[in-house]
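Please keep the sequence and the model in view while reading.

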Amino acid sequence: GTFAPSTAIRHFGGWLKALKAAGLAHTVTDRRETSHCPKIEDTSLKPERGYGRPVGVAAMPYAPTSELAVAVFFGVVAQDLGFAIEHVSDSFPDCLAKRRMKGKFERGWKDVAIEFEYRSSKFRDHRHDPAKCDLIVCWIDDWTACPVEVLELSKLF
């Protein structure tokens, strides 16, 4: 889309609700319910201990429960959120990507250094340098004074 994910959250309560309001929810359902992808309602996918709640994404139907799962989940949804992943590393920052910019004053692609965390506060606990990171991608944003932009995936899915 042409807006940041936070816009969909603020105005509609989430990305899928924004798509429904725009009359586009059927396109998401069609894509996610292909025959080669399991449905969340499938009884063979009954959650066990350690699984997150169902999130409605065919390639990863349950919410992340760890930092690594956040990274994988982001990889699954990155294109839908306007990102193109260029490099993933096991050192800080975790990911280098391009972010589609379609705002009123900025267009094209912008380089972003991304750090994955399950909770945004872990960025502080790990003593990462905020000057070397553009975006924290997390499942839970629990750091109100965070000096880095945060993308809280649980608000979108």
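**The sheet and its strand pairs**

Ala97 stands opposite Val112 in E3. The model that shows this is predicted, with local features requiring pLDDT of at least 70, side-chain atom pairs counting only at pLDDT 80 or more, and totals for chains, interfaces and linings using all residues. Residues are numbered from 1 along each chain as its sequence is written, and side-chain values use heavy atoms, with hydrogens and water left out.

The chain contains five helices and five strands, where helices (H or I, at least four residues) and strands (E, at least two) are DSSP runs numbered from the N terminus. Along the sequence these elements follow the pattern α-α-α-α-β-β-β-α-β-β.

The five strands form an open sheet of mixed pairing, in the order E1-E2-E3-E4-E5; two strands pair if DSSP finds at least two bridges between them. E1 and E5 stand at the edges with a single partner strand each, so one side of each has no neighbour in the sheet. From one strand to the next, the twist averages 35 degrees; axes here are lines fitted to C-alpha atoms, for helices over the stretch in contact, and angles run from 0 to 180 degrees between N-to-C directions.

Strand E2 (residues 95–102) pairs with E3 in the antiparallel sense over eight bridges, and a hairpin of four residues joins E2 to E3. E3 and E4, by contrast, run parallel and are joined by five bridges. In this pair, Leu135 of E4 is the bridge partner of Ile114, and Glu115 stands opposite Ile136 in E4. E4 is also parallel to E5, to which four bridges join it; here Cys138 stands opposite Glu152 in E5.

How much of E4 is buried? Five of its six residues are, so E4 is largely enclosed by the rest of the structure. Buried means under 20% relative accessible area, exposed over 50%, and partly exposed in between, with a 1.4 Å probe and protein chains only.

**A helix across the sheet**

H4 lies across E1, E3, E4 and E5, running at about 150 degrees to E3. In this helix (residues 67–77), Ala69, Val70, Phe73, Phe74 and Val77 are buried. Seen down the axis of H4, these residues fall within an arc of 140 degrees, so they line one face of the helix; the arc is that of the directions from the helix axis to the C-beta atoms. An α-helix has 3.6 residues a turn, so residues three or four places apart point the same way. The buried residues of H4 pack against strands E1 (83–88), E3 (107–119), E4 (135–140) and E5 (149–152), a contact being heavy atoms within 4.5 Å.

**Cysteines and the chain as a whole**

A search of the whole structure finds zero disulfides, a disulfide being a pair of cysteine sulfur atoms within 2.5 Å. For Cys95, the nearest cysteine sulfur is that of Cys133, 10.0 Å away. The sulfur of Cys133 is itself 8.3 Å from its closest cysteine sulfur, in Cys146, which is too far for a bond. Cys95 is buried at a relative accessible area of 1%, and Cys133 counts as buried at 5%.

Of the 157 residues in the chain, 37% are buried. Residues 24 or more positions apart account for 30% of the contacts with a separation of 6 or more.
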